[in-house]
Amino acid sequence: MKRYTHLIGFAVLVAAVVVAPFISSNYRSYQLGFVAIYLIALCGLDILTGFTGQISLGHGAFMGIGAYTTTILVVDHGWRDLWTIPVAGLVAGLIGVAFGLPATRFAGPYLALATFAIPLSLIGILKRYPHFTGGNVGKNLPQLHSEFGWHTNPSIWFYVVTWAVALVMFPLAYLIVRGRFGRALRAVRDSEIAATANGVSTASVKTAAFGISAFFCGVAGALYAIGITYVNPDTFPIDLSILLIVGIVVGGAGSLWGMVFGALFVEFIRISWGPGILDLFSKVHHIDTHAPGSGLVVYGVVLLLVLYVAPAGFAGLVHRLLTGRSAVAAWAKPRPPTPTDPATGAEGP
Amino acid sequence: MKKTFLLIAMALAASTVIVMTAGATSKATPGVTAKSILLEGTYPLSGPASGYAPIPVGMGAYFSYVNAHGGVNGRKINWHYEDDGYNPANTVQITHKFVEQDHAFALVGGLGTEPQLAVRQYLNDNKVPQLFVATGATTFDRDYASNPWTIGWQPDYEAEGSIYGKYVVKNLASAKLGVLYQNDDYGNDYLRGLKAGLGESHQSMIVSAQPYDLSATTPPAVQVAKLKASGADTFVILATPTPTIQSYVIATKLGWHPAHVITNSVSATDAFLTIAEKSGSDNVEGTLSVGYTLDPANPIYNKLPGMKLYRTIMAKYAPKANANDGLNLYGVAKAWNVVKLLQSLGTSPTRAGLMAAARKMAFTPGKKNANPFLLPGVSTFTKGSFQYPISQVTIIQYQNHTFQPQGSLIAGRGALR
């Protein structure tokens, strides 16, 4: 029954993905391509943060590693961009495992702080080896163009590629978090002591989750580079890592379906809704909507509103609307707090 | 069973959001209607480079002024700009929006070397003017042949470097130069220009040139110490603002008092030098740099018609802005050139026509149509293979918290016009 409902949900998502480009402008399709990219990254981070309870403030850097892998292979080694996507994922995943080995010995805020070092050091490393990475000036990739003998608008091509990958990665994330391994992840999240007592090696589970999440972010980063057609250190600021965490929280940590909303939020709040809301304001009040940082104020206010209305993210809000019960109370059984407790513990999909 | 509903509801809601975000359709003439012309640009209104935020405000003030006086050939200029936070990933997405959804006539004054590099190929592929980018990276002017839809505006870093070289040969003939430069395209553009300006026979005047990495977490203390040890008596700083301020302070702490300090114009502003002074440097006074616009912080320009017009425009159309901030004036001066180009296009402007006009500008003192917001005598001139709109500057010297112009104009490229 459970698997059946997920199949229906997935079929509806696939149908929406197929229909969207026919009713959207090309620019919207281009934006929705970035939604697919964020969906992949958020699913990866959700496996680590939502399901395993390990907060990372550094996963934007794994997107950066994936993006640079793609860029260097395409620009300097003449690879076809699509073939670099799995390589980018593997490189990011391996670095994720390497980082996860020592880092997952930390718990809670200490881990978060350790992961914060990843984007910081990535920016330094990228600038340190300009002959390899292009330094501060970065590298331009080829412009978007349709391939395989299909002639269509570059934005549509980008949409098709990103969602084709996302619709593979999304079920993959589902397969990872269900079953034996998924239970191990949740056991580590809910109580490390209980997990260890039941024979779960918390260190290796956490390291594996770190590697898997980095792999997802690496794949997302490869598509990001293909879509932006340019990389430099400024393209992967610390904000990006924070943005991914915001996406998880807004979507609903511990729910993969919630990540669809998280991805929509992350893409549209900054580029479309923020400026749109500001324009509305400027028509009503004669305030300076272009003052430095005013876009961030809208972003912050919307974020606060979302968290007030839906403390367990969109996934929790939908659940509450349907059942009339608080999402946190219904989804997560009350349990004694442990050092690795995330703010919202939600059951798997 | 409830979970079934939950999941289906979420998937449906997701598809609804996607449908709701579906956008508009395209128009026949991009950005030009019977009554308006749409110009757009990306600027860092947040993030590390948000100090440049006054520039689009100044541009908007000038466009409002033009609109209030009948617009351009009967059309009002519709000026719209958005925050990219100096992140090229944002610049690319917003630029796609400007081109594919807003259908801007042209992108004007986009700020930052890297953000503008990120969208250059896209704009050229789509034949959308990337007019007067706000960066001095030489590539935006030099590589016009491969990027026919892109053009810079301000003096390029290479030309500025060459002006320091020429100035040193002429005025500081016995100087021994110690050069600190950023180890990337930015610093190398400047250094290449400096050597070209010195010329083959005078390159030995550089007794030491020390690169530093922008990624370095420590100030360039070792480099400054090496420059001091080299016996240099003239400190040439070709750096971005933060390392520049640090260099001033380090030199003082090392007890190095070079006879002259030359600082590139990007870092030599009143604000940055004041910080260096307050941080304990005693080498700030007398710093040499270059200028090409009027300086609203310096009262000696107040009698010029350009400065009077600038203050009138700012008071009426951007009353909340700090009119003494030279970045507003930079915006106004650039907008003046944009309007002149649009006026020359007549009643049916095209993108190709705009670029053709930008490639053949002659706003010169000789023709009595020079940009009034630039220093007297500075022309905006392009022709044939000469695609460096502003290439003349004057040497300025920091005295008592303002920059004073020193002597006449110098041509960084070509001849004075």
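Biologist: Among contacts in chain B between residues at least 6 apart in sequence, what percentage join residues at least 24 apart?

Modeller: The share is 71%, where a contact requires C-beta atoms, placed from the backbone, to lie within 7 Å. This is a predicted model, in which local features need pLDDT of at least 70 and side-chain atom pairs count only at pLDDT 80 or more, while totals for chains, interfaces and linings use all residues. Residues are numbered from 1 along each chain as its sequence is written, and chains are lettered from A and ligands numbered from 1 in the order in which they are written.

Biologist: Why is chain B called as compact as a globular protein of its length?

Modeller: The radius of gyration, taken over C-alpha atoms, is set against a globule rule of 2.2 Å times the number of residues to the power 0.38. For 417 residues the rule gives 22 Å, and chain B has 23 Å, which is close, so the description applies.

Biologist: Why are α2(B) and α11(B) called roughly perpendicular?

Modeller: Angles of 65 to 115 degrees between N-to-C directions count as roughly perpendicular. The axes, lines fitted to C-alpha atoms over the stretch in contact, cross at roughly 90 degrees and come within 9 Å; the two helices are therefore roughly perpendicular. Ile313(B), Met314(B) and Tyr317(B) represent α11(B) in this contact.

Biologist: What percentage of chain B counts as buried?

Modeller: Of its 417 residues, 55% are buried, meaning that 20 or more other C-beta atoms lie within 10 Å of a residue's own, all placed from the backbone.

Key
A residue is buried if 20 or more other C-beta atoms lie within 10 Å of its own, exposed if 12 or fewer, and partly exposed in between; C-beta atoms are placed from the backbone. Two residues are in contact if their C-beta atoms, placed from the backbone, lie within 7 Å. Axes are lines fitted to C-alpha atoms, for helices over the stretch in contact, and angles run from 0 to 180 degrees between N-to-C directions. Helices (H or I, at least four residues) and strands (E, at least two) are DSSP runs, numbered from the N terminus. Angles under 35 degrees count as roughly parallel, over 145 as roughly antiparallel, 65 to 115 as roughly perpendicular and the rest as oblique.
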